[in-house]
Number of protein chains: 2
Amino acid sequence: MNFELNEAIALLERTPAALAALLSGLPEGWLACNEGEGTWNAAEVIDHLIEGERTNWMPRLAFILQEGEDKPFPPFDRFAHLAEGEAASTDERLQTFKAAREESIEKLKSLVQSEHQLELTGMHPAFGVVKVRELLSTWVVHDLTHIAQIARVLAERYRTDVGPWVEYLGILNRTGK
Amino acid sequence: MNFELNEAIALLERTPAALAALLSGLPEGWLACNEGEGTWNAAEVIDHLIEGERTNWMPRLAFILQEGEDKPFPPFDRFAHLAEGEAASTDERLQTFKAAREESIEKLKSLVQSEHQLELTGMHPAFGVVKVRELLSTWVVHDLTHIAQIARVLAERYRTDVGPWVEYLGILNRTGK
């Protein structure tokens with residue numbers, strides 16, 4: 001096990017800035033591209049991250065701390081953000097994500113103040129018993145998943161343009177398609 | 001084909017800041033972790049990116065513009081950076097990459113000033129004839145490959161910590177291992 005709360009927070013608090021540094025001001029062609037029908041563009045990934053701040057990570061943490069294993073926490077709708085259809089620019093989305101993340105980290109720090117709380121357990125509707133530590137680790141890896149996804153989505157745009165180099169570019173050979 | 005020089009530059013100039021936002025000041029546990037024996041940690045990936053600025057992208061572009069298809073360009077040693085063993089901190093590496101990238105983009109702008117140059121051709125030692133446009137597209141996708149790689153390397157550190165969520169986290173199921 002490698003999880004340390006302060007290290008996890010160090011990563012969680014960097015994600016919004018990393019995404020902003022990559023995406024803010026980027027030409028629309030990059031921001032609008034996706035990996036084909038039914039896949040997300042960068043803006044939709046940010047919406048998904050915002051949705052996670054609002055309905056997944058800290059709500060689930062609070063639920064575990066309050067209910068323990070007695071009640072399964074409500075499932076998280078991974079596609080909720082697509083229904084909302086917010087008409088925000090990418091920069092507004094990045095700002096919203098940054099603010100929501102700051103709020104989540106504030107909340108995390110106030111809710112988890114001792115090591116033993118990391119071992120407290122809740123009831124995942126599909127997995128059964130899960131620990132606070134596992135939830136928080138997942139939050140970090142979920143960020144990294146979506147940073148990697150955005151890089152992959154952007155790379156996809158040049159699939160044909162790279163010509164014969166496609167062979168050397170692992171990122172273009174990773175999608176399960 | 002999607003390649004546009006100004007859009008490619010927009011992405012290339014964002015990579016150093018995106019990596020700095022993610023990695024600068026991150027606890028050593030994150031910076032030192034890799035995906036196991038023979039794989040790179042984040043610092044080694046940055047060294048590889050620096051090496052690319054010095055010996056791959058702009059040198060190859062200049063070579064194509066000068067030699068055309070007459071001479072194959074020297075192969076790029078993708079592991080050169082590992083031999084150098086520079087004793088630099090991650091922040092120093094990030095600074096070096098930022099400066100080297102700025103210099104590369106300056107050079108790119110001075111070397112390529114018209115659309116038709118994108119179609120000029122050179123001789124790749126393995127692939128045969130390649131276009132300037134393909135080289136530059138590859139540079140962009142190469143950046144994105146390594147952004148995704150760093151995210152994947154960091155995620156690997158919590159493989160066990162996420163517990164049952166490993167099933168939902170695609171990034172932990174992507175390595176060919």
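Modeller: Gladly! By contact I mean heavy atoms within 4.5 Å. Helices (H or I, at least four residues) and strands (E, at least two) are DSSP runs, numbered from the N terminus. Residues are numbered from 1 along each chain as its sequence is written, while chains are lettered from A and ligands numbered from 1 in the order in which they are written. This is a predicted model, where local features need pLDDT of at least 70, side-chain atom pairs count only at pLDDT 80 or more, and totals for chains, interfaces and linings use all residues, with side-chain values taken from heavy atoms and hydrogens and water left out.

I would pick the interface of chain A and chain B.

In numbers, 56 residues of chain A are in contact with 56 residues of chain B. Together the chains bury about 5200 Å², 69% of it on carbon and sulfur atoms; buried area is the accessible area (1.4 Å probe) that two parts lose on being put together, summed over both. Of the area that chain A buries against chain B, 15% comes from A:Phe127, A:Asp161 and A:Trp165, more than from any other three residues.

Between the chains there are 14 residue pairs in polar contact, both residues at pLDDT 80 or more. A polar contact is a pair of N or O atoms within 3.5 Å; within protein, one must be able to donate a hydrogen and the other to accept it, and residues adjacent in sequence count only if both atoms are side-chain atoms. On the side of chain A that touches chain B, helices H1 (5-12), H2 (15-23), H3 (28-32) and H8 (132-156) each supply at least two residues. H8(A) gives the most, with 16 residues. By class, that side has 33 nonpolar, 12 polar and 11 charged residues; Ala, Val, Leu, Ile, Met, Phe, Trp, Tyr, Cys and Pro count as nonpolar, Asp, Glu, Lys and Arg as charged, and the others, Gly among them, as polar.

Let's zoom in on A:Asp161, found in the segment after H8 of chain A. A:Asp161 is buried, with a relative accessible area of 1%; buried means under 20% relative accessible area, exposed over 50%, and partly exposed in between (1.4 Å probe, protein chains only). Leaving out residues up to four places away in sequence, A:Asp161 touches B:Met1, B:Asn2, B:Phe3, B:Arg133, B:Glu134 and B:Ser137. A polar atom of the A:Asp161 side chain lies 3.0 Å from the backbone nitrogen of B:Asn2.

From the other chain, B:Tyr158 sits in the segment after helix H8 (132-156) of chain B. B:Tyr158 is buried too, with a relative accessible area of 0%. Among the residues that B:Tyr158 touches are A:Asn2, A:Phe3, A:Glu7, A:Val140 and B:Trp30.

Now the charges. Side chains of opposite charge can pair when their charged atoms come close. With a salt bridge taken as a side-chain nitrogen of Lys or Arg within 4 Å of a carboxyl oxygen of Asp or Glu, 4 salt bridges cross the interface. One of them joins B:Glu7 and A:Arg157, at 2.8 Å from N to O. This pair runs from helix H1 (residues 5-12) of chain B to the segment after H8 of chain A, and B:Glu7 and A:Arg157 are both buried. A:Arg133 forms a salt bridge with B:Asp161, with the closest N and O atoms 4.0 Å apart. A:Arg133 and B:Asp161 also belong to a network of salt bridges with A:Glu119 and A:Lys131.

For context, a search of the whole structure finds 22 salt bridges over all chains. One of these, within chain B, joins B:Glu35 and B:Arg152 at 2.7 Å, N to O.
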